[in-house]
Amino acid sequence: MPAIGMRAVLRRIVRFGGDRNTRLYYAACVSLLVVAAGLRFHDLSEHYLRVDEAVTANNSRGTFSETISNTRCCNSNPILYPLVLYAVQKIESTRFSVRFLPAMASVLVVAGMLLWLPRLGVARGAAFLAALLATLSVEAIRHAQDVREYSIDALVTLLMLAGLLRYLRDGRKVLLCASLFVAPLVQYGLVLFGVAVIGAAIVAPRAVGPDWRSTPAVAGRLWGWLQRRLDLAAPCGLFLAGSTVSYLVTLRHQWHGGYFGPDGYLSRYYYQGGLDAPSLFEFAIGGIWSLLTYHVPEVPVVIAALAAFAFLLVAVFRRKLQGQFRGSAIAVVFSFAIAVSVGAAVLGIYPLGGIRQNIYLGPVIFLAAGVAIHWMTGCLSSLPRRAWPGSGP
């Protein structure tokens, strides 16, 4: 019996991955994950903590109540990560232990893109391109080796994206609800992304159920419009609850002395001009470009991704992505995220540009670039096949 059982296990291992292309994909995933882990864990404990890292670690080294008090008076982030860091340091307080969670979170972002998003409908090629960009991102690597919360933010963003895709695929809301509740407790920028995710959940087409926009009757379209919003009552309620808890526990104590907003130390990342269209447009374009090149410093890649994304948006608006709701969803949530970020910077709520406070936008930027480039590549590769039947005499 043991021999028979072993042979069965071996047969399953041999069959794992199914066809040859799937096995090659998983082999490439393992290789990329090894590279990602190596880049993030290399010399993780060799260098002394920088000043900001030491402050973050020391704020969570006292008692439970001292951690909350230190976060309120001496920091600018919500309470959840300081409490996690407090628990870590109760077990062991070393340079490696306080840097371990951000490094692991950054690796999990890459792993989630490679192995999880394809199960939610994202094309493997698009997921691999996104994971490759995340793996090689200089800022993602830098902040993966930092005690602070920025890599954790990126992981929560990925969870929110996965929750959105799952909801649009089959209507399941558990992951969406959980991630929307946790997000405001991890980083304030994730509140903006939560707004973008909810907006995308309302607007983006779903894989199941009728699309209210295709209903011919006005009454039917109105009911579908209302039903979509009622269906999101639980996610919106939990998002509001998480935001309220975050405000009551930390934000109301931290919002003082001009530290936040356009009068603080990040003033150049807020809109400072008047209410005229040219100034607003110049600020928005400059901030978006700075944001994109911060995450993807290779300018040709950014230009190619922007060009491909522009065509993808046209296809989405013209409803030319029938049966490809994931591509539509990524395009919509990325557009919402950028629009909300620009609006927040113009209103003096949150900075826009190439700064660590926007590390949380990395996963959606990488994924949008991967989906757009993969989609455009597929369109271009199909042109010769479309032209071939009509090329003869």
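Which residues is Leu117 in contact with, leaving aside its neighbours within four places in sequence? In this predicted model, those residues are Gly112, Val122, Leu158, Ala162, Leu165 and Leu367. Leu117 also belongs to the largest nonpolar core, where Met113, Leu117 and Phe193 touch the most other members.

**Nonpolar core**
- The largest nonpolar core comprises 98 residues.
- Helix α9 (residues 150-170) supplies the largest share of this core, with 13 residues.

**Aromatic pairs**
- The structure contains 8 aromatic pairs.
- One of them joins Phe64 and Tyr86 in an edge-to-face arrangement, with 5.9 Å between the ring centres and 75 degrees between the planes.
- Because Phe64 lies in helix α4 (residues 64-74) and Tyr86 in helix α5 (residues 80-91), this pair ties together parts that are 22 residues apart in sequence.
- Phe64 is partly exposed at 44% relative accessibility, whereas Tyr86 is buried at a relative accessible area of 17%.
- The pair of Phe96 and Phe100 is tilted, because the ring centres are 5.8 Å apart and the planes stand at 45 degrees.
- Both Phe96 and Phe100 lie in helix α6 (residues 95-116), 4 residues apart, which is about one turn of the helix.
- Phe96 has a relative accessible area of 37% and is partly exposed; Phe100, at 30% relative accessibility, also counts as partly exposed.

**Other ring arrangements**
- One aromatic cluster is formed by Tyr25, Tyr26 and Phe128.
- Arg95 lies over the face of Tyr48, at 4.6 Å from the ring centre.

Terms used
Residues numbered from 1 in each chain as written. Predicted model: local features only at pLDDT ≥ 70, side-chain atom pairs only at ≥ 80, totals over all residues. Heavy atoms only, no water. Core = buried A, V, L, I, M, F, W, Y, C linked by side-chain atoms within 4.5 Å. Buried < 20%, exposed > 50% of the residue type's maximum accessible area, 1.4 Å probe, protein only. Helix = DSSP H or I, 4+ residues; strand = E, 2+ residues; numbered from the N terminus. Contact = heavy atoms within 4.5 Å. Phe/Tyr/Trp six-rings, centres within 6.5 Å; stacked < 30°, edge-to-face > 60°. Lys NZ or Arg CZ within 6 Å of the ring centre and 35° of its normal.
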